[in-house]
Amino acid sequence: MSATMRAWRAHELGEAADVLHLDDVDTPKPGPGEVVIEVEAAGLNFPDVLLLRGQYQERPALPFTPGLEIAGRVVATGTGTRLSAGQRVVAVASPPRGGLAERVCVAAADVLPLPDSMSSLTAAAMLITYQTGYLALHRRAQLRPGETLLVHGGAGGVGSAAIQLGCAAGARVIATATGAERAAACRRLGADVTVDNTAADFVEVVKELTRGRGADVVYDPVGGDVFDRSRRCVAFEGRILVIGFAGGRIPEVPTNHVLVKNYAVVGVHWGLYRRVLPHVVPDIHEHLVDLHREGLIDPLIGAELTFEQAPQGITMLAERRAMGKIVVVR
Ligand SMILES: NC(=O)c1ccc[n+]([C@@H]2O[C@H](COP(=O)([O-])OP(=O)(O)OC[C@H]3O[C@@H](n4cnc5c(N)ncnc54)[C@H](OP(=O)(O)O)[C@@H]3O)[C@@H](O)[C@H]2O)c1
């Protein structure tokens, strides 16, 4: 293995195009309980935008490499790991040792085995978004077949995954997106009904489709006004899943409204499960591999970029131009 490698690194906070540099750095060596992965594909996520701006919940010291999910092959193992060199895997990367590098050192506990049925491209596109969706819909919201699921940001990363997982769970899925092209993407993903935010009010559509009852489960990665308005069309005993705040504003909940309408606001922080309940992530991985093998889920990959184009992918997310997932391939 060569002594140096290339890695995208932020030397200051800001927008990807301004702050990321392709640096030559030392090839990482695994410590105890760690492995080094030769990256074949790295998925990009909105949190990469927030990380670079210094607005994410984790703030790695500068310089750092962004990128939170990778798929590839193990090339070196530290002591105390059960993984072996050559094994195909998908893994969570943790900046400063992020995924936008040729090789990445990760904790073995953050690595999942990859079956032959799944390519590195697909695995990197699925890891965070489908894990989050499965955790949220099944474990946190207990979504049942026949229930109505409202997915916001349906053409984005976590939203597109939630549409497919909702359909696979037998729910009736209503998806929102901004613009006709993005709404059409939601329909192709399997949504029963799509709402183009530029043409219709999702509150009215949900009320009409459910004869006034409302949506049983709301999947909200947008926050702000979208969350506020979702409270107006959530069903009796409904669950609003708080996934993220891509819209920028973190909304507040009047608890009297939660009481009077008898619904739940349910927080979802997938990353925490890796530390607090570590068995949950591998369990979900097995379900997702099965669903993929059965053809029930397959990620929408809106852009496949070269390693050199990685900053452009983060810019697309920042400018709301990404459709489904953006994946960097080597
Ligand atoms: N809770 C968890 O464990 C977890 C895990 C992963 C991600 N997240 C969070 O989920 C959110 C979405 O992440 P993602 O990777 O799916 O992002 P994404 O691909 O960019 O999708 C976000 C979607 O939100 C919509 N949106 C509405 N207002 C927006 C705005 N002002 N800026 C950007 N998008 C806006 C966009 O859809 P339209 O343009 O069609 O409206 C966009 O497709 C982020 O806040 C992220 O931190 C949370």
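Predicted model: local features only at pLDDT ≥ 70, side-chain atom pairs only at ≥ 80, totals over all residues.
Which helix gives the most to the lining of the largest cavity? I put this at the top of my notebook page and went looking.

**Entry 1: the cavity**

I began with a count. I found 1 cavity of 30 Å³ or more. The largest cavity holds about 60 Å³ of space. I then listed its lining: Val 90, Met 118, Ala 123, Met 126, Leu 127, Gln 131, His 285, Leu 288 and Val 289.

Next I turned to the helices. H3, residues 120–140, and H10, residues 280–293, each supply at least two residues of this lining. My opening question now has its reply: H3 gives the most, with 4 residues.

I also sorted the lining by class. I noted 7 nonpolar residues, 2 polar ones and no charged ones.

**Entry 2: the ligand**

I moved on to the ligand. How many residues surround the ligand? I counted 24, and the closest are Gly 157, Val 158, Thr 178, Val 268 and Arg 320. By class, this shell has 13 nonpolar, 9 polar and 2 charged residues.

I checked which helices take part. H2 (46–53), H3 and H4 (157–168) each supply at least two residues of the shell.

Then I looked at polar atoms. A polar backbone atom of Phe 245 is 3.1 Å from an oxygen atom of the ligand. For Ala 246, a backbone N or O atom lies 3.1 Å from a nitrogen atom of the ligand. Arg 320 uses its side chain: an N or O atom there is 2.8 Å from an oxygen atom of the ligand. The ligand taken alone exposes 900 Å², and the protein buries 89% of that.

**Entry 3: the strands**

I followed strand S4, residues 69–77, and its partners. S3 (residues 34–44) runs antiparallel to S4, and 8 bridges join the two. On the other pairing, 5 bridges join S4 to S5 (residues 88–92), again antiparallel.

Which residue of S4 is the bridge partner of Val 39? I found Gly 72 there. Gly 72 also stands opposite Val 89 in S5.

**Entry 4: the backbone in loops**

I finished with the backbone. Where are the cis peptide bonds I looked up? One joins Leu 62 and Pro 63, with omega about -10 degrees. Pro 63 sits in the loop between H2 and S4. Another runs from Pro 95 to Pro 96, with omega near 20 degrees. I placed Pro 96 in the loop between S5 and S6, the strand of residues 103–107.

My last stop was Gln 142. Gln 142 is not a glycine, yet its phi is positive, about 50 degrees. I found Gln 142 in the loop between H3 and S8, the strand of residues 148–151.

Notes. Residues numbered from 1 in each chain as written. Heavy atoms only, no water. 1 Å grid on protein atoms, 1.4 Å probe; cavity = no way out; pocket = protein on both sides within 12 Å on 5 of 7 lines; lining within 4 Å. Points joined across faces, edges and corners; volume = space filled by probe spheres on them. Nonpolar A, V, L, I, M, F, W, Y, C, P; charged D, E, K, R; others polar. Near = heavy atom within 4 Å. Polar contact = N/O pair within 3.5 Å; in protein donor to acceptor, adjacent residues only side chain to side chain. Areas by Shrake-Rupley, 256 points an atom, 1.4 Å probe, with all protein chains shown as cover. Pairing = 2+ DSSP bridges.
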